[in-house]
Amino acid sequence: MRGLKGKTVVVTGGASGIGAATAARFIEEGAKVFVLDRDPQGNAAILKTLPELTGACLCDVTDAGQVQDGFNEAVRRMGGVDVLVNNAGISIRHPFLEITGEEWDRVLAVNLTGVFRVAQTAARHMVQRGRGVILQTASTNGIVGYPYYADYNATKAGVIELTRSMALELAPVVRVNAVAPGYVLTPMQRAEYTDAMLEQVNRKLPLQRHAQPEEVAALFAFLASEDAAYITGHVYHLDGGELAGGLASR
Ligand code: NDP
């Protein structure tokens, strides 16, 4: 990718799954990377796996103070932030009729309010510096309906609209795009699907498999690079063909 060498990148949820693969990819591209994640063991592990990381800081995106402190620490350690990958998210598999108020609030707090909070913190910094790129992790669940994830789906649809609105307001200084992965084989996915369920999903997908986290990371790297300098306000599906056929293909 062009233009990533020496860039400074913050990845939220960077201790696991898509975030960890993204941190690794940006390091491979010659960027400096700082991880913000709420999981202390995950942070310790990623620092071991990726010794080239500039740092990993304990940060729960639902806590405004921790977001500001974590972001300030990233700025202090890297001298500024060029790219934000706003990726931390959670999901709970549960029928709509059984979603509790507490679960609804928890999913929204991380996936939508948390994404907003980190995005606004980064955008203020980038506007002041006169440049920047913000990339957010949406989902195909934010594009079409899926049973058992109503709260999660609502947050991902929100991330998509947040992305478009931010892109309009922050142009031409900051580019803002989202990636909407379909099924990606990460700890989040493994936690909610049995082997039989994974196999069943694989059979339904045109490409007959889950995505690897590294494939999502590659799209983030492209969208942050100079090769994507004219791209803003878009949502990129990375779904193995999942959405191509709609109902007819099921
Ligand atoms: P993982 O659970 O593997 O990684 C997510 C990381 O984010 C974990 O380290 C997690 O910590 C951390 N995290 C969770 N909540 C917070 C928080 N409040 N503040 C800071 N960090 C937090 O998930 P994935 O890599 O699968 O998911 C990454 C993103 O991709 C999410 O936004 C998800 O919705 C999205 N996505 C995933 C898909 C998939 O199939 N896997 C498909 C489409 C989108 P902890 O372990 O403590 O929860």
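This text walks through the ligand site and then a pocket of the structure. The model is predicted.

Start with the ligand. Around the ligand stand 28 residues. Those that come nearest are Ser16, Asp37, Arg38, Tyr152 and Thr186. By class, the shell around the ligand holds 13 nonpolar, 10 polar and 5 charged residues.

Now look at the helices. Three of them, α1 (17-28), α5 (150-170) and α6 (187-192), each supply at least two residues of this shell. The most comes from α6, which gives 3 residues.

Next, the polar atoms. Tyrosine 152, one of the residues that come nearest to the ligand, places a polar side-chain atom 2.6 Å from an oxygen atom of the ligand. Valine 184 uses its backbone instead: an N or O atom there lies 2.8 Å from a ligand oxygen atom. Valine 61 also uses a backbone N or O atom, which lies 2.9 Å from a nitrogen atom of the ligand. How much of the ligand's accessible area does the protein cover? On its own, the ligand has 890 Å² of accessible area, and the protein covers 91% of that.

The pocket is lined by 15 residues, and the closest to its centre are Arg131, Gly132, Val133, Arg175 and Glu226. How does this lining divide into nonpolar, polar and charged residues? The lining has 6 nonpolar, 4 polar and 5 charged residues. Arg131, Arg175 and Glu226, among the residues closest to the centre, count as charged.

Conventions
Residues are numbered from 1 along each chain as its sequence is written. This is a predicted model: local features need pLDDT of at least 70, side-chain atom pairs count only at pLDDT 80 or more; totals for chains, interfaces and linings use all residues. Side-chain values use heavy atoms; hydrogens and water are left out. A residue is near a molecule or strand if one of its heavy atoms lies within 4 Å of it. A polar contact is a pair of N or O atoms within 3.5 Å; within protein, one must be able to donate a hydrogen and the other to accept it, and residues adjacent in sequence count only if both atoms are side-chain atoms. Accessible areas come from the Shrake-Rupley method with a 1.4 Å probe; for residues, only the protein chains shown count as cover. Helices (H or I, at least four residues) and strands (E, at least two) are DSSP runs, numbered from the N terminus. On a 1 Å grid over the protein atoms alone, a cavity is a set of points where a 1.4 Å probe fits but cannot get out, and a pocket is an open set with protein on both sides within 12 Å along at least five of seven lines; lining residues have an atom within 4 Å of a point.
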